[in-house]
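Welcome! Please take a moment to look over the sequence and the 3D view before reading on.

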Protein chains: 2
Amino acid sequence: MVLTRRFVLDTSLFVNPHAREKFGKTPPLAVKSFIKMISKLDAEFYMPSLIFMELKNFIGEKISSEFELHIKKRAPNIYALYLPAAVLHDFIEDVRGRMNKGLRLAEEYAQDNKPENNVKLQKLREKYRDAVRAGLLDSKEDFELVMLAKELEATLVSSDEGVLKFANKVGCEWLNGSKMFAMLKKMKK
Amino acid sequence: MVLTRRFVLDTSLFVNPHAREKFGKTPPLAVKSFIKMISKLDAEFYMPSLIFMELKNFIGEKISSEFELHIKKRAPNIYALYLPAAVLHDFIEDVRGRMNKGLRLAEEYAQDNKPENNVKLQKLREKYRDAVRAGLLDSKEDFELVMLAKELEATLVSSDEGVLKFANKVGCEWLNGSKMFAMLKKMKK
């Protein structure tokens, strides 16, 4: 028996310009053409409720209301899912290094006494994002994506580096969002 | 059958002045009197190897070499221990909030163009510690303490707020380091 293929979708599939490229020019257009493409496919598409709410902000009430009929919306059962302690061990070490970098950066900018504060702030924010946040699974929304895919033994589709890295670490099947258009094309055959 | 009581010891028991108070004035003296107190007790004392190495820096080669004969030194088996996903879910949210606070703090200090940089840096470091680190389980050493206590069903003894909070969250028995002297006294009777 072959089970119907399942996918868990991240907002980034429709919001990241590179990922949605072939679906449409804007997030709403991308979702519209996505709905069209999957309507006759033998596959299931899931979104954690929090991620669906996030996407709604990008595509508006009307299209999200239609999209809701084509996807399954649910949270992972985080009280029944278990992870090896080694995963948290590595996560804590990673976070520790990032917090150290954050402080080094703050120190560097605190010592810069030139008065063009707006220029300084913009640079600081960029550097902070790169040093502290990039590549980290840093929100409960992102964590729910991976856990839902794990619970459902589904393929996680995302363009977020932190999400994909974490999914890979916990043995979750994943596909970069930029490959999703080609995947659906292939499945249609 | 009553099992021999087991304890997992944190460095803070001997390094935190409030916790070691009744054991001794300095970390080496505290460890010495601790060894004396436990020598005839029917109890087992464990330390994760990383924590033992940490303590060595405070008490020196000679005393740590004696202490090693009185405690059991081992790491938790983090590949065989499992934690509910909810634990990591909460941890990620906590870290996210702290990273936001770290950036706000960095921004605040980047805009302060008064040139007394040393005063500024000291304040920044204090505030960063309070906002970003206090109360967080932020090192693999700390994580190993909790996991070892969990694996052994032992009582975790620590004076670190982040360690105790996390131990409590995962259902691990814990005792504040400042109560350990009285506990040993009571066990001697």
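## About the model

This is a predicted model, in which local features need pLDDT of at least 70 and side-chain atom pairs count only at pLDDT 80 or more, while totals for chains, interfaces and linings use all residues. Residues are numbered from 1 along each chain as its sequence is written, chains are lettered from A in the order in which they are written, and side-chain values use heavy atoms, with hydrogens and water left out.

## Helix 8 of chain B

Let us start with helix 8 of chain B, which spans residues 161–169. Helices (H or I, at least four residues) and strands (E, at least two) are DSSP runs, numbered from the N terminus. At the start of this helix, a side-chain oxygen of B:Asp160 comes within 2.9 Å of the backbone nitrogen of B:Gly162. Just after the helix, B:Gly171 has a positive phi of about 75 degrees.

The buried residues here are B:Gly162, B:Val163, B:Leu164, B:Phe166 and B:Ala167; buried means under 20% relative accessible area, exposed over 50%, and partly exposed in between, with a 1.4 Å probe and protein chains only. They pack against helix 5 (85–110) of chain A, and within chain B against helix 5 (85–110), helix 7 (140–152), strand 5 (155–158) and strand 6 (174–176). Contact means heavy atoms within 4.5 Å.

## A cavity lined by both chains

The count comes to one cavity of 30 Å³ or more. A cavity is a set of points on a 1 Å grid over the protein atoms alone where a 1.4 Å probe fits but cannot get out, and its lining residues have an atom within 4 Å of a point. The largest cavity has a volume of about 50 Å³, the space filled by probe spheres set on the points.

Which residues line the largest cavity? They are A:Leu83, A:Pro84, A:Ala85, A:Val87 and A:Leu88, along with B:Leu83, B:Pro84, B:Val87 and B:Leu88. Helix 5 of chain A gives the most, with three residues. By class, the lining has nine nonpolar, no polar and no charged residues.

## Cysteines and a loop residue

There are zero disulfides over all chains, a disulfide being a pair of cysteine sulfur atoms within 2.5 Å. A:Cys172 is buried, at 6% relative accessible area, and B:Cys172 is buried at 6%.

A:Glu153 sits in the loop between helix 7 and strand 5 of chain A. Although not a glycine, A:Glu153 has a positive phi of about 50 degrees, and this residue is exposed, with a relative accessible area of 73%.

Methods
A polar contact is a pair of N or O atoms within 3.5 Å; within protein, one must be able to donate a hydrogen and the other to accept it, and residues adjacent in sequence count only if both atoms are side-chain atoms. On a 1 Å grid over the protein atoms alone, a cavity is a set of points where a 1.4 Å probe fits but cannot get out, and a pocket is an open set with protein on both sides within 12 Å along at least five of seven lines; lining residues have an atom within 4 Å of a point. Ala, Val, Leu, Ile, Met, Phe, Trp, Tyr, Cys and Pro count as nonpolar, Asp, Glu, Lys and Arg as charged, and the others, Gly among them, as polar.
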